[in-house]
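Welcome, and please open the model in your viewer. Keep the selection tool at hand, and we will go from stop to stop together.

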Amino acid sequence: MQEYQDDLSSAAISGPTMTAIHVASKYLRAQQLDNDEIAGSLIPVRSQYDDWGTWEGDDDPERGRTGVGFTNYRTNLGEVTSRYDLKQNRKAGFGEVQLTIEAGGYPRRDILVRVHF
C-alpha cells in the first residue's frame, strides 16, 4: 500500500515489469546481494508512473507511442524504471524490457530482458 495526500492505494506493476524483476532478482543474487538488499532494491512501495499496456504493446494515439510501456516506482532502497518495447507482434513475437535499478548506494544497473510470446 502507498499513501499520497491521505489516500491509500496499491503500488502496482505490469507483466513485463514483473518478468524483468524476476530476472533481475537472479542477477542481483549473482552479484552477492542478500535477500533484504534484493527486496529493498526491487519491490515497489510507491508507484510514481504507470503506463499500462499489454504484451502486444500500448497503442495510445494521444501520447504518440506505439508498442511501448513505462513504469517508475520507489523501493525501500531507491528507485526502479521499466521500459517495455514490443519488437515483433505476431506468432513467435517478442518484446524487450529494460529495467533500470538505482538503489542501495550501488552503481546504476541496467538489465535488458527479452520476452518471447
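Here is a short tour, starting with the whole chain and then moving to single places.

**Before you start.** You are looking at a predicted model, in which local features need pLDDT of at least 70, side-chain atom pairs count only at pLDDT 80 or more, and totals for chains, interfaces and linings use all residues. Residues are numbered from 1 along each chain as its sequence is written, and side-chain values use heavy atoms, with hydrogens and water left out.

**The whole protein.** Colour by secondary structure and you will find 2 helices and 9 strands. Helices (H or I, at least four residues) and strands (E, at least two) are DSSP runs, numbered from the N terminus. From that end, the order is β-β-α-α-β-β-β-β-β-β-β. Of the 117 residues, 38% are buried; buried means under 20% relative accessible area, exposed over 50%, and partly exposed in between (1.4 Å probe, protein chains only).

**The two helices.** Select residues 15-30 for α1 and residues 35-42 for α2. Their axes are 10 Å apart and meet at an angle of about 145°; axes are lines fitted to C-alpha atoms, for helices over the stretch in contact, and angles run from 0 to 180 degrees between N-to-C directions. Now show the side chains where they touch: Ile21, Ala24, Ser25, Leu28 and Arg29 come from α1, while Asn35, Ile38, Ser41 and Leu42 come from α2. Contact here means heavy atoms within 4.5 Å.

Stay with α2. At its start, a side-chain oxygen of aspartate 34 comes within 3.1 Å of the backbone nitrogen of aspartate 36. Which residues of α2 are buried? They are Ile38, Gly40, Ser41 and Leu42, and their cover includes α1, β6, β7 and β8.

**The core.** Next, select Leu42, Leu99 and Ile101, which touch the most other members of the 18-residue largest nonpolar core. Such a core is a set of buried Ala, Val, Leu, Ile, Met, Phe, Trp, Tyr and Cys residues joined through side-chain atoms within 4.5 Å. Two or more of its residues come from each of α1, α2, β7, β8 (94-103) and β9 (109-116). Centre on leucine 99 and look around: among its contacts are Ala20, Ile21, Leu42, Val80 and Ile111.

**Serine 82.** Move to strand β7 (residues 78-88), where serine 82 sits. Serine 82 has a relative accessible area of 1%, so it is buried. Its side chain makes a polar contact of 2.9 Å with the side chain of threonine 17. A polar contact is a pair of N or O atoms within 3.5 Å; within protein, one must be able to donate a hydrogen and the other to accept it, and residues adjacent in sequence count only if both atoms are side-chain atoms.

**Threonine 75.** Now find the loop between β6 (68-74) and β7, the place of threonine 75. Is threonine 75 buried or exposed? Its relative accessibility is 5%, so threonine 75 counts as buried. Its side chain has a polar atom 2.8 Å from the backbone oxygen of glycine 40 and a polar atom 2.9 Å from the backbone nitrogen of glycine 78.

**Last stop.** Finish at phenylalanine 117, in the segment after β9. Phenylalanine 117 is partly exposed, at 34% relative accessible area.

Terms used
Lists of a residue's contacts leave out its neighbours within four places in sequence.
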